Amino acid sequence: MESEDEFDMHDANDDDNDEDFYSGGDDDAAASMDSDDAGVADYEFIDNDSDDSNDAASHRYQQNYTVLTEADIRQHQEEDITKISTVLSISKAAASILLRYYNWSVSKVHDEWFADEEKVRKTVGLPEKPVIEYRSAKELNCGICFDTYPCKEMHAAACGHPFCYSCWAGYIGTAINDGPGCLMLRCPDPSCGAVVFQDMINALASNEDREKYSRYFIRSYVEDNRKTKWCPAPGCDYAIDFIVGSGSYDVTCRCSYSFCWNCTEEAHRPVDCGTVAKWILKNSAESENMNWILANSKPCPKCKRPIEKNQGCMHITCTPPCKFEFCWLCLGAWSEHGERTGGFYACNRYETAKQEGVYDEAEKRREMAKNSLERYTHYYERWATNQSSRQKALADLQQMQTVHLEKLSDIQCQPESQLKFITEAWLQIVECRRVLKWTYAYGYYLPEHEHAKRQFFEYLQGEAESGLERLHQCAEKELQVYLNEEDPPKDFNEFRTKLAGLTSSSSGEWSVRCGLHWCKQQDGKLKEFGRCKQQGKRWEGQGYNIQVK
């Protein structure tokens, strides 16, 4: 934090630097996938924009990734191989080996090759000439089975070590079945490090093994290349070619799945990847189970097993084989209790001991665990609720596009192109549900002692949630009235204006970064980028003010 009144809301952990943040820094404005109909926020903005800022913001909004099909990947591979082969004057087979070794980085291959070609050849396994030559020999011994074969039945890598067809086929087939390591397969001779080229593998391997090798080769271009990743959606075969350091990590595949290119989790803007990783781990870890046990149970005084009290009285009996009977409040033996100690529903001993401070530490620990569990439950329930609402909205969007738009078009006697505002509303709902869901993960990790930051965050969250609920209500409930009509209603144009206005308004209420790095959207583009400071009840930023009412 730069000062007491200036705060950073792009990360719930102040120790993380800007490089860890989701979008990479102040200069890397997050690219948006919103529609062109996005409007101005409902916040009270005092606009000080300039024309120059429009051009810069528009530049930031350019898509910074490309979705690749398998054909695209093969084409990119071939282009890179051809570049290396041409510049270094080597075969394409050797060029593909170099690129594979240097993770498909053309610049890295150039740098290493021209720095020390001999070292690169030795490291990768590309001998300039064969180690063994047998031009005049008619027969040769196989170095694996030690049988003698005519020269024409022997095969060798660039090193020249001869092996028979059967041994090569077995060696190659075993390597391919072992996994992608076959892409850098070496000569079977233990003393040789020469690499086996792909054309030799294609000539000696079975059809099934050739297909596997080809699949490994294609996948290596994506999995070993730092600029490309597979879409993590189940069953999707598309890859994403990303311009590293160019801005937002949000990408949307052709399969319609949106995810964060940096961590490959589902898209989670404006929350940083570190917070998302902690939240997902917390949801799947056993820590919350232990918190529940600590908050809602007590250990048996004899066997120490945790016991949950499920009846009204204080008389507890442990399960077999322990069967110890004790008081729930003071954990003393029940044989020492009776009417004189308060009966079945009270314990004078506990009250006396509590006043003396005997149970303060244990009760305090249990109370802290209970509060922690309640706080986590509060945020998790709202996170999960928005997730389920988003899934329902996606299903409603699908039904709207496939069924309801055609029906509404017939009722209103209007082409479906004029009903585009309904689809845009549902797309906005889906996106806003995603953002709102992750704000609860962000809020959970927001430090309790930073009251100003929390106040501003909760204000923004509340405003955005209120606008979203109005939009969702309109698109889900009010639209149903017009779908049930048989004749065109007269007030449909009023509904159109209302829904389009709510869509535009909701689009403007969502920040690309939640807090300090706040951006205003206008006409679907970043209008301003700024840092916010608290000035009384007014939050001032570069180019605008937001009045907290």
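Modeller: A charge sits over a ring if NZ of Lys or CZ of Arg is within 6 Å of the ring centre and within 35 degrees of the ring normal. This is a predicted model, in which local features need pLDDT of at least 70, side-chain atom pairs count only at pLDDT 80 or more, and totals for chains, interfaces and linings use all residues. Residues are numbered from 1 along each chain as its sequence is written, and side-chain values use heavy atoms, with hydrogens and water left out.

Biologist: Which ring does the charged end of K282 sit over?

Modeller: The ring of Y376, with the charged end 5.3 Å from the ring centre.

Biologist: And where does K278 lie?

Modeller: K278 lies over the face of Y445, 4.5 Å from the ring centre. Y376 and Y445 both belong to a cluster linked by ring pairs, which also includes W279, W383 and W438. Rings of Phe, Tyr and Trp (its six-membered ring) pair if their centres lie within 6.5 Å.

Biologist: How many aromatic pairs are there in the whole structure?

Modeller: The search finds 27.

Biologist: Changing topic, how much of the protein is buried?

Modeller: Of its 549 residues, 47% are buried, meaning under 20% relative accessible area with a 1.4 Å probe, protein chains only.

Biologist: At what angle do helix 2 and helix 8 cross?

Modeller: The axes, lines fitted to C-alpha atoms over the stretch in contact, cross at roughly 80° and come within 10 Å. Helix 2 and helix 8 are therefore roughly perpendicular, a label for angles of 65 to 115 degrees. Residues making the contact include I73 and I81 of helix 2, and F217 and Y221 of helix 8; contact means heavy atoms within 4.5 Å. Helices here are DSSP runs (H or I) of at least four residues, numbered from the N terminus.

How values were computed. Phe/Tyr/Trp six-rings, centres within 6.5 Å; stacked < 30°, edge-to-face > 60°. Buried < 20%, exposed > 50% of the residue type's maximum accessible area, 1.4 Å probe, protein only. Axes fitted to C-alpha atoms, helices over the stretch in contact; angles between N-to-C directions. Helix = DSSP H or I, 4+ residues; strand = E, 2+ residues; numbered from the N terminus. Parallel < 35°, antiparallel > 145°, perpendicular 65-115°, else oblique.
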